Amino acid sequence: MSRKKIVTIIILILGFGGLFAAYQTRDQTSGKNEAITAVGSTALQPLVEAAAEQYTNHHPNATINVQGGGSGTGLSQIADGAVQMGNSDIFAQEKSDINSTKLVDHLIAVEGIAPVVNKDTGVNNLSQQQLIAIFTGKITNWQQVGGKNIKITLINRTMGSGTRNTFEKYGLKGKTSATAQEQDSSGTVRQIVSTTPGAISYLALGYVNDSVKPLKLDHVAPTKTNIQNNSWPIWAYEHVYTDGPATGLTKQFITYLNSKEIQTHLFAKMGYIDVDSMKYQRNWQGQLSKE
Amino acid sequence: MDNKLKQQLHTKSKTAKYEQRGKLASIMMLVLIMVVVLGIIGFILIKGTSMFFNDKIKISDFLFSTFWNPGGKTPTGNPAVGALPMIVGSFSVTLLAALVATPFAVGTAIYMTELSSKRGAGVLQVVTELLVGIPSVVYGFIGLTVVVPAVRHLFGGSGFGILAGTIVLFVMILPTIVSMTVDALKSVPNHYRQASLALGATQWQTIWKVVLRSASPGILTAVVFGMARAFGEALAVQMVIGNAALMPHNLVSPSATLTSVLTAGMGNTVMGSLQNNALWSLALLLLLMSLFFNLLIHLIGRKGAFKK
Amino acid sequence: MIDNQRKNKIALMMIHFITLVVVLILALLLIDIFSRGLPYVNWHFLTGASKPFQAGGGIGMQLFNSFYLLILTMIISFPIALGAAIYLNQYAKQNWVTSVLRTSIEILSSLPSVVVGLFGFLLFVIQFGYGFSIISGALTLTVFNLPLLTRSIEDSLAGVDKAQLQGGLGLGLSKFETIIHIVVPAALPNIISGVILSAGRIFGEAAALIYTAGQSAPQLDFTDWNPFNAASPLNPMRPAETLAVHIWKINSEGIMPDVTQQSAGAAAVLLLAILLFNFLARFIGRRLFMKMTSAKAK
């Protein structure tokens, strides 16, 4: 046998031996660990991720794996039973292709959505009629609504996005926006609105910062109080769906998400509103009911 | 003794066995790649045609209509699945980017292999390889903060459009084409150059008539891969082209490419729904278009090679 | 003759000019990225864990994940690409079958990475049950990486002088031995540059990994190198957000106040990491080249 062959064999033995030894000495407690995966809405992801981090700090045996992928992915995967939690910005019933009968909805938070414009438009307030006219392409210059002489550039979220869905349903009273630029993330929308003269779009309140200007609608500002008593109508629930009633770690974690600590401290810091503080409730057809 | 000799003659030598095993291993690898390639192509074929079979959409509605709103209807009542704006967008951005990038890339590659010192070429090579690894998002971000405003000031409009997309893609595919062209030029044997120079040709004549000619298949491959990258690029293009499913009427009007619409919409649609199937049909279209480009370029390459 | 000389001068000047333009573009791009990002890079940023919404997060896990994923992908994809390239270049007859093979490999590389990502998601994450993990990511990146790598290795092999192969055969070596011991070493420098090129793409890839390796970077225990433990950095079954995915994520949905600085800093670090890998690969390549080709460098 050549020396080369012997060396190869020794390396192989050492490699497999090492792997075997590693397997034998692996952390046995990890067998007791429970791991769950959440997939879906990119908007909900930072929220759930932050909560998961706090939760696993107290419960070191739990692994909560939070992924994005979009609401559509979240709903398809939870309907297929491929994951434990499906995050979504919209009601499962609104996506007609999802078999929503066995899905259980957990409302996690409320997000308010505000129209935002580039700072140079010279407009602070719009009537809802004007907003609809702008988004359907009937008003094309800011001058027509009392602003500067700048062309209006529409920026939409992608078709099927939860934010767009909510905005068209409650901000545009169900009208479909004209075909225009479409971006698939809040960060990009904010970036484009802040750098493009005359741009208008919409953002969840958590993403509004001082690089863009949120608009008042019929002189109502998009604030927490106005959303709680529904004088600001453009808001939606953030959902976590489970396949059948939640069990085990999933159940514990969803209870944790609905706890006072998370709802009023963590979510408020991130610009979301806790579900219990809402004075009104809404079902998936958009009908309001008083708490 | 006789038996031993017989045995020796009948068994394969060590070298022959080694050869057989090596050849088998390499063919297995190729088979593996083919399984992967066919797997993906089959996957896209099934997903991409299900819109036509399951949802009964006419292919003509898909290819020639200009209304893109899967699930909705066009003003005339047909299903709004028209991919024409994106087809035009993808074609123009890719072709323009390749047209602009090729001379720059080939020029740079010539400089690196034929003219510059070894050290200069080395630095350039490291820099181009560095650029391949910049994530698309970063390119998109720079495009958004530098290219779009520049286009807006120079050419008017909102700045978003095919022109901005072309500029960003030009920079993105440059490293791929340069690096592969350099490899192609390097594999031209040195005695070709020496022979040409010895015949009294100038350096330029040698480069133009000998080096580029004999490297042309490799250069074409480089361009094909550059165009492939441009075709498949999503995140950066999406940020600067405007990503609006409208027919582009000039170079600075917002438009969209197949890839940008596909990537932006994928996560928001439910698998198996019409909206989702329409996106997979875009992927299939992309595959067919890149096949077409590929064949076209090789055809041109073969024509060029005949004249040699 | 004079005319030819002048033509020669003008053409060479044009080439210099073109190169200058390209160099300027590339330099401005690099300066832009570094000047935006480097001011935020410090030790804490390089080693700390990222934070979901507060300021002051780091990219330590993501940096490690990027390298680990790259190495794993290369270990899987390099032998496959090398074997296939050897067959295509040395054994296969140049007929329509091989040209169909080549074409299908080429068109695969034009697929948007999100399509490859979803393919990987449905196959590796769901079907094989690997979950959102490094191994799913590495397999998906292999799919994504194979066309370019195979093609560039094949080109490198084609660049080797045919006399080398004949020399080996003439010495009585079998064809495969000649290829492994003579042709491949001779093509090594070009193979290395192909590897670096595809490594760059792996480093920068985001869309294919979003659905496979995932977008979360759990805290790792860097004292535990047992690949079977959940918190071990080497565990291939854990979700692993890479640097490029991280940049994409905070740019799209990040709500931390310092999101611009975070993403600029991460981009600069990513470039430095590629640079580091580049030098490393070249160094190892040169060492290998010396060892494999000249007898005295043993």
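Modeller: Happy to! Domain bounds here come from an automatic or database domain assignment. This is a predicted model, in which local features need pLDDT of at least 70 and side-chain atom pairs count only at pLDDT 80 or more, while totals for chains, interfaces and linings use all residues. Residues are numbered from 1 along each chain as its sequence is written, with chains lettered from A and ligands numbered from 1 in the order in which they are written.

Let's take chain A, where the assignment gives domain 1 (35-111 + 234-290) and domain 2 (112-228). Taken over C-alpha atoms, the centres of domain 1 of chain A and domain 2 of chain A are 26 Å apart. Across the boundary, 22 residues of domain 1 of chain A are in contact with 19 residues of domain 2 of chain A (C-beta atoms, placed from the backbone, within 7 Å). On the domain 1 side, helix H3 (71-79), strand E4 (103-117) and strand E11 (235-243) of chain A each supply at least two residues (helices, H or I with at least four residues, and strands, E with at least two, are DSSP runs numbered from the N terminus). By class, that side of domain 1 of chain A has ten nonpolar, eight polar and four charged residues (Ala, Val, Leu, Ile, Met, Phe, Trp, Tyr, Cys and Pro are nonpolar, Asp, Glu, Lys and Arg charged, and the others, Gly among them, polar).

Another element of chain A to look at is helix H5 (residues 162-171). Eight of the ten residues of H5(A) are buried, so this helix is largely enclosed by the rest of the structure (buried: 20 or more other C-beta atoms within 10 Å of the residue's own, placed from the backbone). The buried residues of H5(A) are Gly162(A), Thr163(A), Arg164(A), Asn165(A), Thr166(A), Phe167(A), Glu168(A) and Gly171(A). After H5(A) comes Lys173(A), with a positive phi near 50°.

Finally, chain A also meets a neighbour: 29 residues of chain A are in contact with 21 residues of chain C. Helix H10 (residues 243-253) of chain C gives the largest share of the chain C side, three residues. That side of chain C divides into eleven nonpolar, nine polar and one charged residue. Chain C touches chain B as well, with 77 residues of chain C in contact with 74 residues of chain B. There, H1(C) supplies the largest share of the chain C side, 17 residues.

Note on methods: Contact = placed C-beta atoms within 7 Å. Buried ≥ 20, exposed ≤ 12 C-beta atoms within 10 Å, placed from the backbone.
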